[in-house]
Amino acid sequence: MLLFFLAIGALGLFLYPREFFVAFMEEGSQSLATSEANYRAYLRLHPGDTYAVFRLADVYNRMGKPSQATQILKELLDKRPKDWKIAERYLAQLEEIGDL
């Protein structure tokens, strides 16, 4: 069983950039500050990665920083205003914080 998890971890390292993989793993282990730093590092290299922005927004919400989550979602929507998936996520964020 341990071999299975090691294989999955190794596969993840090869499929995803290091920062994204570490951020995702740290998010699951409740190291949210480390996860935030790694998502931000990843997004500096891949600024248009919608999934990474969504994950970072989730991390901010879990850290009690909903205004930062809202801000990064707004920035992404400003860059891609016709992307309905992003618009939906941004509106859901506004509704969650009671700003809609």
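## Helices α4 and α6

α4 and α6 are roughly parallel (an angle under 35 degrees), because their axes pack at about 5°, and these axes lie 11 Å apart. Axes are lines fitted to C-alpha atoms, for helices over the stretch in contact, with angles from 0 to 180 degrees between N-to-C directions. Helices are DSSP runs (H or I, at least four residues) numbered from the N terminus.

The model is predicted: local features need pLDDT of at least 70, side-chain atom pairs count only at pLDDT 80 or more, and totals for chains, interfaces and linings use all residues. Residues are numbered from 1 along each chain as its sequence is written, and side-chain values use heavy atoms, leaving out hydrogens and water.

In contact (heavy atoms within 4.5 Å), Thr50, Phe54, Ala57, Asp58 and Asn61 of α4 meet Lys85, Ile86, Arg89, Gln93 and Glu96 of α6. By class, this contact has three nonpolar, three polar and four charged residues. Here Ala, Val, Leu, Ile, Met, Phe, Trp, Tyr, Cys and Pro count as nonpolar, Asp, Glu, Lys and Arg as charged, and the others, Gly among them, as polar.

The charged end of Arg89 sits over the ring of Phe54, 4.9 Å from its centre; the rule requires NZ of Lys or CZ of Arg within 6 Å of the ring centre and within 35 degrees of the ring normal.

## Helices α4 and α5

Helix α4 (residues 50-62) packs against helix α5 (residues 66-79) at about 165°, with the axes 7 Å apart. The two are therefore roughly antiparallel (an angle over 145 degrees). Thr50, Val53, Phe54, Leu56, Ala57, Tyr60 and Asn61 of α4 make the contact with Pro66, Gln68, Ala69, Ile72, Leu73 and Leu76 of α5. This contact contains ten nonpolar residues, three polar ones and no charged residue.

## Helices α5 and α6

The axes of α5 and helix α6 (residues 84-97) cross at roughly 155° and come within 9 Å. α5 is therefore roughly antiparallel to α6. On the α5 side, the contact involves Pro66, Ala69, Thr70, Leu73, Lys74, Leu76 and Leu77; α6 contributes Ile86, Ala87, Arg89, Tyr90, Gln93, Leu94 and Ile97. These residues divide into ten nonpolar, two polar and two charged.

Note on methods. Angles under 35 degrees count as roughly parallel, over 145 as roughly antiparallel, 65 to 115 as roughly perpendicular and the rest as oblique.
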